[in-house]
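Here is a report on aromatic contacts. Look at the rings first, then read on.

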Amino acid sequence: MATEIERKFLLTGDIWRQSIVRSEQIAQGYLVGAQALHEGHAHASVRVRLAGERAWLNIKSATVGIERAEFEYPIPLEDAQSMLASLCDGVLEKVRHHVEVDGTLFEIDEFLGDNAGLVVAEVELPATDAAFPRPAWLGREVSALARYYNVNLVAHPFAHWTEAERAAADGERTAGEQACC
């Protein structure tokens with residue numbers, strides 16, 4: 001089984017921009033999204049993602065935490081465009097910046113549209129206890145907060161978050177926040 005081990009962090013400033021290796025615009029939508037997960041009708045999110053001339057389907061288990069089952073399959077660009085336009089309830093757009101620190105790749109997602117203002121750094125690791133660099137711009141960890149998962153940002157975008165949702169400490173859920181993605 002394919003497993004993704006990923007930690008998510010907020011950022012403390014823009015100094016990371018000086019280390020960008022490359023950037024790409026990404027559009028993604030969910031064929032099985034937050035509502036089906038919250039209602040217990042699905043055990044995984046299913047998304048279609050488009051980045052430049054590449055497209056793929058992604059299936060990710062509906063569990064909160066840094067370790068989740070994940071499967072990815074390339075698909076034709078035209079199929080992805082069609083699915084995003086006709087089968088998804090919404091499309092999340094972001095610019096993904098690739099930043100390397102001491103040989104470790106951080107993917108920094110700068111969200112657009114209704115999620116503008118939200119910037120999250122992700123780092124994929126080989127093991128749950130793997131060490132990784134902690135640059136000064138790496139802020140509070142939000143790996144355990146499901147509202148930061150892309151699947152939830154489509155259903156409940158950053159622009160609609162309350163001050164309590166924006167300020168909650170790591171591990172805290174606000175009233176009404178679902179336990180899972």
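Are Phe 9 and Phe 132 buried or exposed? Phe 9 is buried, and Phe 132 is buried too (buried: under 20% relative accessible area; exposed: over 50%; partly exposed: in between; 1.4 Å probe, protein chains only).

## Basis

This is a predicted model: local features need pLDDT of at least 70, side-chain atom pairs count only at pLDDT 80 or more, and totals for chains, interfaces and linings use all residues. Residues are numbered from 1 along each chain as its sequence is written, and side-chain values use heavy atoms, with hydrogens and water left out.

## Aromatic pairs

The structure holds four aromatic pairs (rings of Phe, Tyr and Trp, the last by its six-membered ring, with centres within 6.5 Å; planes under 30 degrees apart are stacked, over 60 edge-to-face, the rest tilted). Phe 9 and Phe 132 form a tilted pair, 5.9 Å centre to centre with 55° between the planes. This pair links distant parts of the chain, 123 residues apart. Phe 9 sits in strand β1 (residues 3-11), Phe 132 in the loop between β8 (119-124) and β9 (138-141). Strands (E, at least two residues) and helices (H or I, at least four) are DSSP runs, numbered from the N terminus.

Tyr 148 and Trp 161 pair edge-to-face: 5.0 Å between centres, 85° between planes. Tyr 148 lies in the loop between β9 and α3 (150-155) and Trp 161 in the loop between α3 and α4 (163-167), so the pair ties together parts 13 residues apart in sequence.

## Cluster and charges

Ring pairs link Tyr 148, Phe 158 and Trp 161 into a cluster. Tyr 148 is buried, at 2% relative accessible area. Trp 161 is buried at 5%.

Arg 147 lies over the face of Trp 161, 5.8 Å from the ring centre. Arg 166 lies over the face of Phe 158, at 3.9 Å. A charge sits over a ring if NZ of Lys or CZ of Arg is within 6 Å of the ring centre and within 35 degrees of the ring normal.
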